[in-house]
Amino acid sequence: MKDKSSIPPGRMKHADSHAELPREPGLYRHVDRATGRVDYVGQTQDLRQRTYQHTRDGKFDPARQRVEYSGARSDATRDDLCRGEKVHSRFAHFEGCFPG
């Protein structure tokens with residue numbers, strides 16, 4: 001049986017800053033505004049807080065990048081989100097923490 005996705009079907013939403021994000025679990029990616037290249041893929045229990053942390057630490061630059069995100073299904077576990085992060089990393093051709 002195929003595992004269900006940790007996020008609902010459909011396109012990810014877009015945000016320009018952490019203030020626009022919900023305080024909920026989900027998957028996110030940082031996308032270069034000029035090229036559309038995915039710079040980073042992650043999962044979190046709080047989309048707004050995690051993006052704020054990335055901004056504060058210099059890992060997300062709102063002038064250069066946008067956030068694409070999707071809230072998690074209500075029944076998704078942390079392991080589900082980790083699997084989703086891995087799948088989205090490979091789909092976006094971003095290797096990050098997940099080699100090959």
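How many bridges join β2 to β3? The answer is 6, and the two strands run antiparallel. The views below come from a predicted model, in which local features need pLDDT of at least 70, side-chain atom pairs count only at pLDDT 80 or more, and totals for chains, interfaces and linings use all residues. Residues are numbered from 1 along each chain as its sequence is written, and side-chain values use heavy atoms, with hydrogens and water left out.

**View 1. The whole chain follows the pattern β-β-β-α-β-α.** The chain holds 2 helices and 4 strands. Both are DSSP runs numbered from the N terminus: helices are H or I with at least four residues, strands are E with at least two. Of the 100 residues, 39% are buried. Buried means under 20% relative accessible area, exposed means over 50%, and partly exposed lies in between (1.4 Å probe, protein chains only). The accessible surface comes to about 6300 Å², and carbon and sulfur atoms hold 50% of that. These areas come from the Shrake-Rupley method with a 1.4 Å probe; for residues, only the protein chains shown count as cover. Among contacts with a separation of 6 or more, 65% join residues 24 or more positions apart. Contact means heavy atoms within 4.5 Å.

**View 2. The 4 strands form an open antiparallel sheet in the order β1-β4-β2-β3.** The edge strands are β1 (13-15) and β3 (38-44), each pairing on one side only. Neighbouring strands are turned by 25 degrees against each other on average, direction ignored. Axes are lines fitted to C-alpha atoms, for helices over the stretch in contact; angles run from 0 to 180 degrees between N-to-C directions. Two strands pair if DSSP finds at least two bridges between them. Strands of a sheet pair through backbone hydrogen bonds, either parallel or antiparallel.

**View 3. Strand β4 (residues 65-71) pairs with β1 over 3 bridges and with β2 over 7 bridges.** β4 is mostly covered, with 7 of its 7 residues buried. Q65, V67, Y69 and G71 point one way from β4. R66, E68 and S70 point the other way.

**View 4. β2 and β3 form a hairpin with 5 residues between the strands.** G36 takes a positive phi near 80 degrees in this hairpin. V31 has V38 in β3 as its bridge partner. Is β3 enclosed or open? β3 is largely enclosed by the rest of the structure, because 6 of its 7 residues are buried.

**View 5. Helix α1 (residues 47-56) lies across β2 (26-32), β3 and β4.** The helix runs at about 35 degrees to β2.

**View 6. Y28 and Y40 form a tilted aromatic pair.** A search of the whole structure finds 1 aromatic pair. The ring centres of Y28 and Y40 lie 6.1 Å apart, with 35 degrees between the planes. The pair links distant parts of the chain: Y28 sits in strand β2 and Y40 in strand β3, 12 residues apart. Rings of Phe, Tyr and Trp (its six-membered ring) pair if their centres lie within 6.5 Å; planes under 30 degrees apart count as stacked, over 60 as edge-to-face and the rest as tilted. Y28 is buried, with a relative accessible area of 1%. Y40 is partly exposed at 28% relative accessibility.

**View 7. The largest nonpolar core has 7 residues.** Its members are A15, L21, Y28, L47, F60, V67 and Y69. A nonpolar core is a set of buried Ala, Val, Leu, Ile, Met, Phe, Trp, Tyr and Cys residues joined through side-chain atoms within 4.5 Å. L21 touches A15, L47, R48, T51, V67 and Y69, not counting residues up to four places away in sequence. In soluble globular proteins, nonpolar side chains tend to be buried together.

**View 8. P22 is found in the loop between β1 and β2.** P22 counts as partly exposed, at 22% relative accessibility. Leaving out residues up to four places away in sequence, P22 touches D46, L47, R48 and Y69. The C-alpha atoms of P22 and Q49 are separated by 9.0 Å. These two residues are 27 residues apart along the chain.
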